[in-house]
Amino acid sequence: MTPRADTPPVTADVRRFTTLQRWTHRTTAALMGICVITAACLYVPQLAELVGRRALVVTLHQWSGLALPVPVLAGLASRAFRADLGRLNRFGPHDRTWLRAALRRDKRHASRPAAKFNAGQKLYASWIAGATLVMLATGLMMWFTHLTPLLWRTSATFVHDWLALTMGIVLAGHIGMALADPESRRGMRTGSVSREWASREHSLWRE
Amino acid sequence: MNDEHPEERGTPIGRRVFLGTLALGAAGVVAAPPLQRGLEAFLGGAADKDPTGLTGLLPNGGGFRYYSVASSVPRKNAGSYRLTVDGLVARPTTYTLDALKALPQTRLVRDVQCVTGWRVPDTPFEGVRLSRILDAARVRPTAKAVRFTCFDGTYTESLTLDQARRADVLVALRMQDKDLGHSHGGPVRLYVAPMYFYKSAKWLSGITVTDEVRPGYWEERGYDIDAWVGRSNGRDDDPTS
């Protein structure tokens with residue numbers, strides 16, 4: 001008998017991300033990585049002295065920064081990607097429960113209900129998207145020095161510097177949490193996670 | 001339906017966080033001047049009591065930033081440093097560091113202003129007026145401009161002869177009442193007080209009088225040649241001179 005097309009395959013794995021979504025993440029991560037490394041070489045005096053070559057480093061930083069939103073914008077063409085953006089956007093009552101537990105440092109799975117994305121992931125995604133665009137806008141003001149009067153540029157530098165430091169800390173948290181959870185990393189690397197992990201970490205996740 | 005898709009009818013908090021971050025960023029740009037003054041005062045106080053030096057890594061508009069366009073810059077001291085003056089002059093000259101120190105010194109206190117935005121208020125520079133060095137070399141009548149070269153092997157700058165003869169243009173030996181360190185362009189750098197700081201070439205090693213202005217390193221990459229603070233690169237606020 002031919003199996004019905006909508007019958008889910010009987011495996012121990014669950015599909016979490018499509019190929020396109022994983023490439024969106026990979027290219028965004030690579031561009032962000034270049035931004036962070038070049039930023040350190042431009043900003044930290046010891047690294048700046050070690051590396052020098054300011055014109056080259058500035059060019060790398062500017063173009064990787066400018067390209068940073070491109071993978072996400074390209075990803076919008078994918079239905080699966082748009083569906084996940086919708087999931088990241090919407091917060092339900094369980095997200096409030098999750099955030100309260102996180103604030104109390106309560107790590108029990110029962111007190112951290114989550115659907116496909118937990119409340120922390122949702123906050124991270126929304127914030128880093130906004131912060132990236134603020135970095136882009138202030139960065140463009142510093143890049144094109146004829147665009148705005150100097151007072152604006154001084155202010156843009158101020159926001160760019162402090163937000164860079166904040167983003168560095170938040171990104172370190174993002175990477176640290178991924179390092180602590182191999183199955184979550186497998187989800188982003190291969191697209192699949194074990195059913196057991198999904199029901200433990202994302203008990204409310206239904207396709 | 002609701003049980004299966006707990007997020008379908010949820011509140012769009014993600015969008016609010018996203019838009020809120022954008023709004024905060026815009027507010028940060030608007031509120032930056034007072035915020036920056038407050039933070040500088042606070043961090044300045046904290047840095048005095050900080051034995052770890054970590055506060056030095058925090059973003060601080062009140063500090064210098066290290067810029068070098070070369071891959072590495074050799075170190076020069078009183079023994080190895082030379083400044084050559086040549087081109088359209090009757091008396092080409094080479095100065096040692098001691099010879100420069102023996103000339104009359106001028107001290108100026110102005111704001112250092114980088115074209116990208118950072119500034120270091122009330123920074124003292126001390127050195128020999130460039131006009132004195134040019135006069136000593138006897139500039140020929142056909143001369144129109146001055147080109148500066150640096151011992152990093154890459155950086156160049158330029159001024160018209162009129163700009164170079166201003167009283168607020170120095171061949172600087174000291175900054176913040178200390179001898180110029182290597183990272184600040186020592187032992188000798190140019191200091192062009194009325195212009196953006198990219199004109200103040202670090203690691204100065206050559207002064208060549210020419211018959212026309214030749215664009216310097218950053219000027220070939222888009223910055224204004226006449227880099228008056230207040231009248232160039234899109235700026236319209238108070239000049240530094």
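This dialogue goes through a predicted model of a complex, one feature at a time.

Visitor: How are residues, chains and confidence limits to be read here?
Guide: Residues are numbered from 1 along each chain as its sequence is written, while chains are lettered from A and ligands numbered from 1 in the order in which they are written. The model is predicted, and local features need pLDDT of at least 70, side-chain atom pairs count only at pLDDT 80 or more, and totals for chains, interfaces and linings use all residues.

Visitor: What mean pLDDT do chain A and chain B have?
Guide: pLDDT is the predictor's confidence in each residue, from 0 to 100. For chain A the mean is 91, with 95% of its residues at 70 or more. For chain B the mean is 87, and 85% of its residues reach 70 or more. The complex is given an ipTM of 0.89 and a pTM of 0.79 by the predictor.

Visitor: Where does UniProt place features on chain A?
Guide: UniProt positions are given in the numbering used here, feature names are shortened, and annotations may be inferred rather than shown by experiment. An unreviewed UniProt entry places "transmembrane region" at residues 29-48, 60-81, 123-142 and 162-180 of chain A.

Visitor: What is the secondary structure of chain B, and how is the chain divided?
Guide: Chain B has four helices and 10 strands, in the order α-β-β-α-β-β-α-β-β-α-β-β-β-β along the sequence. Domain bounds come from an automatic or database domain assignment. Chain B is divided into domain 1 (13-57) and domain 2 (82-221), and the C-alpha centres of these two domains of chain B lie 35 Å apart.

Visitor: How many residues of each chain take part in the contact?
Guide: Two residues are in contact if their C-beta atoms, placed from the backbone, lie within 7 Å. Chain B brings 43 residues and chain A 49 residues. Helix H1 (residues 13-48) of chain B gives the most to the side of chain B that touches chain A, with 13 residues.

Visitor: Which residues of the largest nonpolar core touch the most other members?
Guide: In soluble globular proteins, nonpolar side chains tend to be buried together. A nonpolar core is a set of buried Ala, Val, Leu, Ile, Met, Phe, Trp, Tyr and Cys residues joined through C-beta atoms within 7 Å. A residue is buried if 20 or more other C-beta atoms lie within 10 Å of its own, exposed if 12 or fewer, and partly exposed in between; C-beta atoms are placed from the backbone. The largest core has 50 residues, and those touching the most other members are Leu170(B), Val171(B), Ala172(B), Val188(B), Leu190(B), Tyr196(B) and Leu204(B). Strand E7 (169-175) of chain B is one of the elements that supply at least two residues, and the largest share, six residues, comes from E7(B). A second, separate core of 13 residues includes Ala131(A), Trp152(A), Met167(A) and Ala32(B).

Visitor: Where are the cis peptide bond and the positive phi values?
Guide: Most residues other than glycine have a negative phi, and most peptide bonds are trans. A cis peptide bond joins Gly186(B) and Pro187(B), with omega about 10 degrees; Pro187(B) lies in the loop between strand E8 (178-179) and E9 of chain B. Phi is positive at Arg105(A), near 60 degrees, and at Asp122(B), near 45 degrees. Arg105(A) is in the loop between helix H6 (93-103) and helix H7 (119-143) of chain A, whereas Asp122(B) is in strand E4 of chain B.

Visitor: Why is Asp122(B) classed as exposed?
Guide: Asp122(B) is classed so because it has 9 other C-beta atoms within 10 Å. Arg105(A) is also exposed, with 6 other C-beta atoms within 10 Å.
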